Amino acid sequence: MDLQLPLFFSMFLFVYTFAYSVLLRNWGPKHRLEASSCFISLAHGTPVVILATIAILQSPNPTDFAAPNTKFQALVLEYSIAYFSLDLLHCVSFSPNDFVFIFHHLAVLYVFVTCNYIVGCGAVPILGLLVVAELSSGCQNAWTLAGYRRTEIVAAAKFEEFVTPYFLTFYSVLRVGLAPVVVCKMGEFYVGSLVMGGNLIPTWAWISWLCVIGMAIFGSVLWVGNHWLLWFRPTKNRKEKVSSHVSH
C-alpha cells in the first residue's frame, strides 16, 4: 500500500496543530486559525518549488508535455495533494463562504488527482505551473501574517505597508504574466499532438485541465487586481493630503 499521501497529510496536520497550539497560542481567536493555515502553506510552498523543479529537470524529456509521470513527479504531486486537501478542509470548516478560495483548491485538486491517479501522464507542465504559483508563497504568507497583526504590532503594520507593492508586483508577474504563457504552451502542445496523433493524454483530460487552470488564473487576476485597488486608494489619498498641505 502506498503510504506517501497519508504520511504527507499527517505531516501537514501536525504543522497546523503545532502552529495553532504552540506558536500561535497567544493570538486572539480572530486570526489564529487563518494564521495556522499560513504555516502549512509555508511548509508546502518553498519545499514544493524545489521538489517540482528537480522533478522537471530529471524528466527524460522536459519538453514532452504528455510523457508518463515518473515516480518522483508522482511523489511531488502527492505532496501538494496532501496540502491542498487539508487546507480545503480548513476552509470548508472555518470559512465556508470563501467560495473563490474553495473553488481554487478544488480546481487544483482536480488537475493534480486526474494527472497523478487517472491519466498518469503530463506532470511536467503542471509541475511547472506549480512552481510559478508557489514562488510567491513565502512572501505572500509573511505579508498575510503581518496583516493579521497590523492593529496590534506597529512593526507588523509597517512591514505590511512596505512589502505590499513589491509582493503584488511579484505576484502579478508570476500569476498574471508567466502562468498564462505556460498554459498557452500547454494548449499549443496538446492541439499539435491531437493533429499529429500519439498524445497519451485523453482529450477530455487536457481540455478540462486548460479550462480549470484558465479559470484559476482568472481568479488570481481578480484577486491581485482587487488588492492593487485597495493599495492604490490609500496611497492616492495620502499623496493628495500631502499635496493639499503643501499648497496651503
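Residues are numbered from 1 along each chain as its sequence is written, and side-chain values use heavy atoms, with hydrogens and water left out. Because the model is predicted, local features need pLDDT of at least 70 and side-chain atom pairs count only at pLDDT 80 or more, while totals for chains, interfaces and linings use all residues.

**The core**

Begin by selecting Phe112, Leu127, Met186, Tyr190, Ile201, Trp209 and Ile213, which touch the most other members among the 52 residues of the largest nonpolar core. Such a core is a set of buried Ala, Val, Leu, Ile, Met, Phe, Trp, Tyr and Cys residues joined through side-chain atoms within 4.5 Å, where buried means under 20% relative accessible area with a 1.4 Å probe and protein chains only. The elements that give two or more residues to this core are α1 (4-23), α2 (29-57), α3 (71-94), α4 (99-119), α5 (123-134), α7 (154-196) and α8 (203-247); helices here are DSSP runs of H or I, at least four residues, numbered from the N terminus. The largest share, 10 residues, comes from α3.

Next, select Met186, which, leaving aside its neighbours within four places in sequence, is in contact (heavy atoms within 4.5 Å) with Phe65, Pro125, Leu129, Leu210 and Ile213.

**The cysteines**

How many disulfides does the structure hold? There are 0, a disulfide being a pair of cysteine sulfur atoms within 2.5 Å. Then show Cys115, which is in no disulfide and whose nearest cysteine sulfur, that of Cys121, is 7.9 Å away. Cys91 counts as buried at 2% relative accessibility, and Cys115 counts as buried at 0%.

**A loop residue**

Move to Ser59, in the loop between α2 and α3. Ser59 is buried, with a relative accessible area of 8%, and, leaving aside its neighbours within four places in sequence, is in contact with Gln73 and Val124.

**The largest pocket**

Finally, select Phe101, His104, Gln140, Tyr171 and Arg175, the closest to the centre of the largest pocket among the 47 residues that line it. The largest share of this lining, 10 residues, comes from α8.

Notes. Buried means under 20% relative accessible area, exposed over 50%, partly exposed in between (1.4 Å probe, protein chains only). On a 1 Å grid over the protein atoms alone, a cavity is a set of points where a 1.4 Å probe fits but cannot get out, and a pocket is an open set with protein on both sides within 12 Å along at least five of seven lines; lining residues have an atom within 4 Å of a point.
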